[in-house]
Each structure stands twice: as structure tokens, then as C-alpha cells.
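These are my notes from looking things up in one structure.

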Amino acid sequence: MAKIPINMKSGEIEESELIIGIDLGTTNSLVAYLKDGKTTIVKDVAGRTSLVPSIVYFDSEENIIVGEVAKMHLVSDPERTIYSVKRLLGKSYNDLENYSSKLSYEIIDEEDQLVKVKIGKRFHSPVKLSAEILKYLKSRVENHLGREVSKAVITVPAYFNDSQRQATRDAGKLAGLEVLRIVNEPTAASLAYGYGKKAEESEVVAVYDLGGGTFDVSILRIDNGVFDVMATNGDTFLGGDDFDRAIIDYWIQTNGINEEEISNQQKQILRIRAEEAKKQLSVSDQYLSEDGEFKISKDQFERLIQKLIDKTIVHIEHAIKNAGISKSEINKFILVGGSTRVPLVKQTLESRYEIEVMDDIDPDEVVALGAAVQADILAGNTQNYLLIDVTPLSLGIETVGGLMDVIISRNSKVPVAAGRQYTSSVDGQKNLRISVYQGERELVEYNRKLGEFILTDIPPMAAGMPKIEVHFIIDADGILKVRAKELRSGKFEELKIQSQYGISEEEMAKMLIDSIKNAEQDMAAKALLEARNEARSIVISTEKFIEQNKDILTEDEKSVLKNKMALIQKKMALEDKDELNEAIHEMNAFSRPLAERAMNHNIRKALSGKKI
Ligand code: AMP
């Protein structure tokens, strides 16, 4: 398929295309590009650092500040300073249950809904917060180049699921970027080291990524220019922060400090000193703080962290096992992440696996550089790499309220298959209409309808009970098949749609431009629709709950529930999603203990009189 470079803002055809590569990290993010065969990492104006702390600060006037300046507010204004957003992307509160208490800001408990961050009276989605970081990176590169950029490749961990990848894509769109591809971080790191260039090459590499707070290892087979992630393994709470902690614990012991007696400020100083010591020990044998109070030798440090590095080895062994290969099949290690600068990491890998450990490229920058290489390949500037057929636009179905639910996203490699489960929204629903759309807008009304069919004769069940699996399959010729099956009854229907779905390049380009131009408005409409859908189902379930538990609830409780329900209904008619979310949040907070009481009561009732 031919490529036409288009300026997303003006809609004009551009002369030369420049696509940026972004490493959207948990702790830090970076942006890079490749021009005339040379990769460049974009630094701050002072030319000091390429790292942008992935931190978003909201001041009291709701101004948004990103990066280094936002980081300064971590200690002074923790509730309004959002860090580690990447850990929240595409996650529901249930996914984060153990983690939420560790955060200094508030995330909202709405069970299986995607999490939101609450700052003051406003609710912010992780997608929006990530978009702020991406906007900052976009403007950094635009200032540096003196021109606009509109296309990007963004990296994600290899273990990210569909919903986390989609959330990353949405964040890009909201930042005014057309996300040409989401690339796995280990794939990007391998690209930066030049893998994937030769058609005849076949290698297995292990990418070892040890950052500030996370560790993961991925085993990749690179064959004929195709990167296959064979296995990943890791620990989402293991990294350089633990090395710092080990040093702090050591000083507490050797200097006789009572941690409970020292102030927060002193704790902060200890933390900063520990990180300073760790970094120093990457290049020398001793550390002594300026005031002479704290010291540690490299030998001592290595004894402290050996067990942490051994933990990473256990993960590597698991990954090797899951990949179904033997240790000797791995050709090389690639090091990624700031903490791999600790010399003991490389030494341990070399002595244990006896293969080359590659660390020539800055471990903080290697992923962003690889993303830039991938971007350049997509721009068609690097002829040597193989390019694979991809889907030109996203494909999905209409869900409640007219929302587009993407099943196969734009730029997926073909052939491809993907599926998702749905359910009914009303009791006793017999038929389900499946409408298939193509396009990048959040609301189906702005996308192209490709066809529809009706899954009939679903046996009557309560809302939420049917399990309807919708599968999209695109074969190598680009023919799309959509299958729907109700899993409880086995009812099945299929729709076939012919190749390329009859759309011209110009139409396609227009659809893409429209989706970027309208991203902000679309996302806002989507957030409101989602809040209304949720509100609707809460009203229905609350009505049922009151009816089924009328003997257990007091009159007061019933009347509060009814009032809260009326408030939700009132807010549903308005256009403010934050007010509606607040009403939903209040209802959930009030009804949760009642639901627990009712459940305990019903369990006791069911058990009474039964012999155990
Ligand atoms: P990342 O999440 O990849 O940005 O990695 C950040 C982690 O790398 C932090 O824990 C840093 O303290 C650590 N780090 C950065 N530079 C060094 C260094 N020279 N030696 C040891 N650790 C480092």
C-alpha cells in the first residue's frame, strides 16, 4: 500500500515525513527521531538531560505542569502530583486493589470500571494524564526541530494487554498525535542495536530491563525481520528503588539511626544520599557523603543487593522455561533501564550465561532510540527492513450509547484475529444487533459502517448473564469475518466483509485527520456516555436491590438510596461528567456496606436449618 504523508493540522501533503519515537515510561519518558540516517534523542533546552519525569502536577488553578517542575511538587503537594500513571493505564480498581494504598493521590473505587484519579473536585482518566506527558514530549521535539510533528510510535511493555495498549493509543490521539504503531519495549531495544535488518538472520535475544521500580525480561526470536516475543516475566515492584532502600537500611544500622524518630525531611535526605551513593558506586569503589556522615564500599553494596539481582535471575529462568527453549539458544542479552548501570548486573549475567551482554547504548535511551528506528521504517525511509501488511483503520462494533469499541486496532499486522466478550444490558434480551464499523472516532456515528447482523434466539436471561463472544478475523487477503456466539446457548452467526472495505486513500486520510482534530471533543463525549451508561446500570441495580432487600433495609436507608438515585438521574440529564461521577461515587460509597450486610444476612438465612 502506498503511503501519503499528510500534515495532520493543515491537511496538506508534506514533503518529507518525520515520525517521532516515544518511550512512555513509568518513571521517565523520552522522545527521539531519526533524520538522514542519524538518531537523535531530544534533550531539555539546557541540553542537560533527555529524561522527562513522567509526572503531572495540577496547581490550585488547575494549570497542568509536566516533568522536572512537576517532580518538585512530589513532597510539597502529593495529592495533586500524579506519578506512575503508567501503572494505572487500562486498569480497573479491582486490578489495583493492593497498590492503591501505596499512592499519595486518590484513585476512585468503582470495581470493574477503569480507574480515575481524583484531584480536587475533578476526575481525570489515566489516558488523559498520559496524554499530558505526551503533549509535553511533542512540544519538546517541536521546539527543538522548529516544525510541527503529528505522527509517533509509542513503546509499551511486552506484557501490556489489549486494554493497556488501547489506552496508550488513546492517550497519543488525545495529545494530537497519530499513533502509527505501538511497539513492544524489548523489540524497540533490539531495533536500536540493529536487529531485524537482515532478512536471513535468526537470533534469540533476552532483553533485561531493570528500572527504578520495575523489572522485566523478555525473550525475543528475531527471524526474517519479524520480532516474536516468546515469553516475558518480571516483577512490577523490583528495581533501583530497592537498591536505595538496601543502602538506607544499612546506614540505619551502622549509624544507629532510629527511623521512627527522624523527620520526613531527614528521611528524604537519606533517600537522596542513598541514590547518590548507588550511582557513585557504579564508577568507583567507595562512597563518602560530603559531610562525612555516610559511607559505604562497593563490596558492601554488592553484598546487600546480590539477593535482589538473584531474584531477577529466577525470572529469567522462568521466561526461558515459558519460551520453551534451552538456555544455550539465547545469543545475547540487551540491557535496558537505569539500574543496569550497576556493574554487578552485567557481571552476574555474564558469569551465569556466558554470552555477550550488550550495554553500549545508554540504557535509559535505548528504547526511545529503537522507537525512532521503528518510526523511520514506517516512514519508508529505511529500505532494508521488511514491512508487513497492516490494517489501515481500526475495526470494531457499536456498544451501548453509540460508542465505538475497537476490536482490531489500526496498523495491526495481518493476518490477525481478536475477540472480546459482551453481555446484554436489559433483562430477557432475545436478539443482539452487531454493527461493524471502521474508523478512529470514539462515536460510531462518525465512523464508516461496514455491515451488521443480528444474533437471534438468545435464551431469556437476566441482564449481564449472556456471554456473547464477538470475534474479528482478517485473513492474509484482507477479508474480514465477524463471528458472534452466545456461549451459554451456543447460538452462532457470521458476517463476511470483502477486502479493504472499499475505501480510497483520500477518504482514509480524511478520516484520520478528523479523528485527531476531534480527539478532545470525542473523548469528552465518550467519558460522558460511559458515565451515563454506568449511571443507568446503577439505577437499575439499586431499584432491584431495594426491592429484594426491603425487609433488611431500614426506612431511612431506603430513602437515602432513593434520594441518591434521584440525584444520579438528575445529573444524567446534564452534560457534566464530573458531577455525574461524583453522584455515582457517593451512591457506591453508601450502598457498599448495605450490600455486604444484605449478603451476610442472605448467606446466614440460606445456611440456617441445613446440616453441614
Ligand atoms: P529508569 O526507570 O529506567 O529511568 O531507571 C531509573 C533507576 O536507575 C533509578 O533507580 C536510578 O537510581 C537508577 N540509576 C540511574 N543511574 C544510575 C547509575 N549510574 N548507577 C546505578 N543506578 C542508576
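Before I start, one definition: helices are DSSP runs of H or I with at least four residues, and they are numbered from the N terminus. I also note that this is a predicted model.

**Entry 1: a pair within helix α7**

I began with helix α7, which covers residues 264-281. Which residue forms a salt bridge with E275? I found K279, with the closest N and O atoms 3.6 Å apart. E275 and K279 are 4 residues apart in the helix, which is about one turn. I then looked up how accessible each partner is. E275 has a relative accessible area of 28%, so it is partly exposed. K279 reaches 53% relative accessibility and therefore counts as exposed, since the cut-off for exposed is over 50%.

**Entry 2: A274 in helix α7**

I stayed in helix α7, where A274 also lies. Is A274 buried or exposed? A274 is buried, because its relative accessibility is 0%. I listed its contacts, leaving out neighbours within four places in sequence, and got D244, I247, I248 and W251. I also looked up a distance from A274 to K430, which is 156 residues away along the chain. Their C-alpha atoms are separated by 64 Å.

**Entry 3: aromatic rings**

W251 came up again when I turned to the rings. Ring pairs link W251 with Y287 and F294 in a cluster. How many aromatic pairs does the structure hold? I noted 7.

I then looked for charges over rings. The charged end of R441 sits over the ring of Y446, at 4.2 Å from the ring centre. K564 has its charged end over the ring of F590, and here the distance to the centre is 5.8 Å.

**Entry 4: salt bridges elsewhere**

A search of the whole structure gave me 36 salt bridges. I wrote down a few of them.

R122 and D578 meet through their side chains in a salt bridge, with 2.1 Å from N to O. Where in the chain do R122 and D578 lie? R122 is in strand β10 (residues 122-124), and D578 is in helix α14 (residues 577-607). The two are 456 residues apart, so I noted that this pair links distant parts of the chain. R122 is partly exposed because its relative accessible area is 37%. D578 has 7%, so it is buried.

K138 and E142 form another salt bridge between their side chains, at 3.1 Å from N to O. Both residues belong to helix α3 (residues 126-145), and they are 4 residues apart, about one turn of the helix. I found that K138 and E142 are both buried.

I also found a network of salt bridges, which links D170, K173, E442 and K526.

**Entry 5: K86 in a loop**

Next I looked up K86, which is in the loop between β7 (81-82) and β8 (106-107). Is K86 buried or exposed? With a relative accessible area of 12%, K86 falls under the 20% cut-off, so it is buried. Its side chain makes a polar contact of 2.8 Å with the side chain of E185. Leaving aside neighbours within four places in sequence, I found K86 in contact with several residues, among them L24, G25, T26 and P157. F160 and E185 are also on that list.

**Entry 6: strands**

I first took β2 (residues 28-35) and β3 (residues 38-41). These strands pair in the antiparallel sense over 4 bridges. Which residue in β3 is the bridge partner of L34? I found T39. The hairpin of β2 and β3 has 2 residues between the strands, and D36 takes a positive phi near 45 degrees there.

I then looked at an open sheet of 3 strands, in the order β8-β9-β10, with antiparallel pairing. Strand β9 (residues 117-119) is joined to β10 by 3 bridges. Opposite K118 I found F123 in β10.

Note on methods
Residues are numbered from 1 along each chain as its sequence is written. This is a predicted model: local features need pLDDT of at least 70, side-chain atom pairs count only at pLDDT 80 or more; totals for chains, interfaces and linings use all residues. Side-chain values use heavy atoms; hydrogens and water are left out. A salt bridge is a side-chain nitrogen of Lys or Arg within 4 Å of a carboxyl oxygen of Asp or Glu. Buried means under 20% relative accessible area, exposed over 50%, partly exposed in between (1.4 Å probe, protein chains only). A polar contact is a pair of N or O atoms within 3.5 Å; within protein, one must be able to donate a hydrogen and the other to accept it, and residues adjacent in sequence count only if both atoms are side-chain atoms. Contact means heavy atoms within 4.5 Å. Rings of Phe, Tyr and Trp (its six-membered ring) pair if their centres lie within 6.5 Å; planes under 30 degrees apart count as stacked, over 60 as edge-to-face and the rest as tilted. A charge sits over a ring if NZ of Lys or CZ of Arg is within 6 Å of the ring centre and within 35 degrees of the ring normal. Two strands pair if DSSP finds at least two bridges between them.
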